[in-house]
Amino acid sequence: MKGASPSLLLGVTGSIAAYKSLDLIRRLREEGVTVRVVATSNARHFFPLLSAEVFSDHKVETDLFSGGEGSGRIRHLALLDSADLLLIAPASANFIARLSLGVADDLLSTIALSARIPILLAPAMEEAMYVHPATEEHRVRLAGRGVIEIAPEEGALASGRSGQGRMASVERIIEAVRQNLSSLPSSSGNNALSGLHVLISSGPTYEPLDPVRFIGNRSSGRMGMALVRAAREQGARVTLVTGPTALTAPPGVDVHAVETAREMKASLDELFPSCDILVMAAAVSDYSPVSALTDKRKKNGNGWSLNLQENPDILKALAARRRPGQYLVGFAAESTLDREKLLQKCRAKGVDLLVANDISNPFTGFGSSENEALLLTPEGSCHPVSKRSKEALARIIFENIPLPRRPSDGKQ
Ligand code: C5P
């Protein structure tokens with residue numbers, strides 16, 4: 001790191017996705033990164049320079065030959081001197097081609113040609129341009145030179161068409177920056193989970209009976225959110241799958257909002273393979289109506305008998321298809337804590353750690369800010385954690401996880 005905090009040069013080129021770069025600046029600064037923006041002349045059509053100056057707290061650089069910060073020295077070199085990384089987001093097809101050919105006819109391209117720091121590109125363009133053989137050749141050539149591409153996503157494009165070419169989400173870009181700026185600080189100073197992907201489920205699920213009614217439970221999502229914060233503090237990449245709650249995740253968390261147990265299952269099924277640690281703190285409804293009414297049910301004097309079916313056990317199913325090295329934590333909300341039964345549950349679920357709490361105590365558990373728990377492992381260990389804040393319990397849970405081996409472990 002060249003300064004007290006990591007410093008990044010953000011190149012913005014002429015793509016409609018440039019409007020997202022403002023959010024990117026805001027998020028990078030929240031992560032403690034100093035951001036200097038360099039915009040191409042085409043970017044000016046899509047990118048509010050004044051807003052970018054306010055968000056970055058620095059003048060936006062556009063001109064190779066004008067004065068400004070560091071004037072009196074060679075402009076592009078002065079900017080590069082203080083930068084740890086060059087991120088170009090959005091990177092237009094035109095800019096990718098110029099970078100590949102080594103053109104240096106404006107400030108950003110001259111910086112890119114002189115840079116001896118990591119270069120990250122987040123392409124954004126219509127699918128036809130992205131898949132064109134010319135662009136493909138440039139991307140391959142740049143990859144061969146060590147330029148890192150943050151691949152665009154499939155989805156709606158500016159033209160109204162759908163396809164590949166949408167700039168990667170701000171969170172994916174931040175993640176790529178994090179991986180290439182190893183010195184991004186964690187707020188607690190404890191980076192035990194750095195480089196790991198932690199997947200957390202949280203909150204209740206709602207199982208609809210008709211358009212207005214549902215079967216839910218009293219889970220507030222507070223325990224899950226405390227786990228999210230603890231994992232973030234320790235440097236993890238965090239993905240949260242949450243049922244309906246009033247809580248907002250901290251910045252930098254990839255949030256997937258779901259409503260029913262089946263939606264939660266679908267989301268977790270997709271996200272699970274990429275995680276190192278799964279913490280299943282959600283209070284998943286064990287039952288759902290066999291069918292939901294499409295119109296609101298009216299009173300008819302006859303009462304209403306519900307026909308419920310058991311929901312799939314998400315955690316058990318995920319545990320059955322885990323890959324080596326993944327670590328699974330389950331929760332058990334019980335009316336009485338019977339160690340033998342809990343141990344059986346821990347083994348039956350196939351988890352590495354079961355966090356059991358007693359829901360009969362009105363001062364802990366559902367909805368409250370505090371919790372007390374038993375931490376059990378399938379080997380038979382049982383560790384009581386006395387009453388404390390959910391944040392403190394969350395930190396203890398992560399401390400009890402023997403960290404999976406990272407790709408870099410064991411290398412000579
Ligand atoms: O079996 P029980 O509902 O007590 O299990 C609790 C644990 O299993 C929690 O971690 C909860 O998130 C998870 N669970 C699940 N799928 C269900 C019910 C609970 O994954 N259908």
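**The whole protein chain, shown as a setting for the close-up views.** The predicted model contains 13 helices and 19 strands. Along the principal axes, its C-alpha atoms fill a box of roughly 80 × 55 × 35 Å. Of the 412 residues, 47% count as buried. The accessible surface comes to about 19600 Å², and carbon and sulfur atoms account for 51% of this area. Among contacts between residues at least 6 apart in sequence, 67% join residues that are at least 24 apart.

**Confidence along the protein chain.** The average pLDDT is 89, and 92% of the residues score at least 70. In residues 183-187 the pLDDT falls below 50, and this stretch has twelve contacts in the model beyond near neighbours in sequence. The pLDDT is also below 50 over residues 405-412, a stretch with five contacts beyond near neighbours in sequence.

**The open sheet of five strands.** The strands follow the order S2-S1-S3-S4-S5, and their pairing is parallel. Strand S2 (34-39) and S5 form the edges, each pairing on one side only. In general, the strands of a sheet pair through backbone hydrogen bonds, in either a parallel or an antiparallel manner. Strand S1 (residues 7-12) is joined to S2 by six bridges. Within this pair, Leu9 has Arg36 of S2 as its bridge partner.

Most peptide bonds are trans. The bond between Ala89 and Pro90, however, is cis, with an omega of about 0 degrees. Pro90 belongs to strand S3.

**Helix H4 and the elements packed around it.** Seven of the nine residues of H4 (residues 93-101) are buried, so this helix is largely enclosed by the rest of the structure. The buried residues are Ala93, Phe95, Ile96, Ala97, Arg98, Leu99 and Ser100. They pack against strands S3 and S4 and against helices H5 (107-114), H6 (127-131) and H7 (133-144). After H4 comes Gly102, which has a positive phi near 80 degrees.

**Arg139 in helix H7.** Arg139 is part of helix H7. Is this residue buried or exposed? Arg139 has a relative accessible area of 18% and therefore counts as buried, the cut-off being under 20%. Setting aside residues up to four places away in sequence, Arg139 touches Ile96, Tyr130 and Glu149. Arg139 and Leu121 are 18 residues apart along the chain, and 9.7 Å separates their C-alpha atoms.

**Asp57, a residue with a positive phi.** Most residues other than glycine have a negative phi. Asp57 has a positive value, near 65 degrees. This residue is located in the loop that connects helix H2 (49-56) and helix H3 (75-81). With a relative accessible area of 55%, Asp57 is exposed.

**Ile397 in helix H13.** Ile397 is located in helix H13 (residues 390-399). Its relative accessible area is 0%, so Ile397 is buried. Which residues does Ile397 contact, leaving aside its neighbours within four places in sequence? The contacts are with Met223, Leu227, Val329, Phe331, Leu353, Val355 and Leu375. Between Ile397 and Ala348, which are 49 residues apart in sequence, the distance from C-alpha to C-alpha is 20 Å.

Note on methods. Residues numbered from 1 in each chain as written. Predicted model: local features only at pLDDT ≥ 70, side-chain atom pairs only at ≥ 80, totals over all residues. Heavy atoms only, no water. Helix = DSSP H or I, 4+ residues; strand = E, 2+ residues; numbered from the N terminus. Buried < 20%, exposed > 50% of the residue type's maximum accessible area, 1.4 Å probe, protein only. Contact = heavy atoms within 4.5 Å. Areas by Shrake-Rupley, 256 points an atom, 1.4 Å probe, with all protein chains shown as cover. pLDDT = per-residue confidence, 0-100. Pairing = 2+ DSSP bridges.
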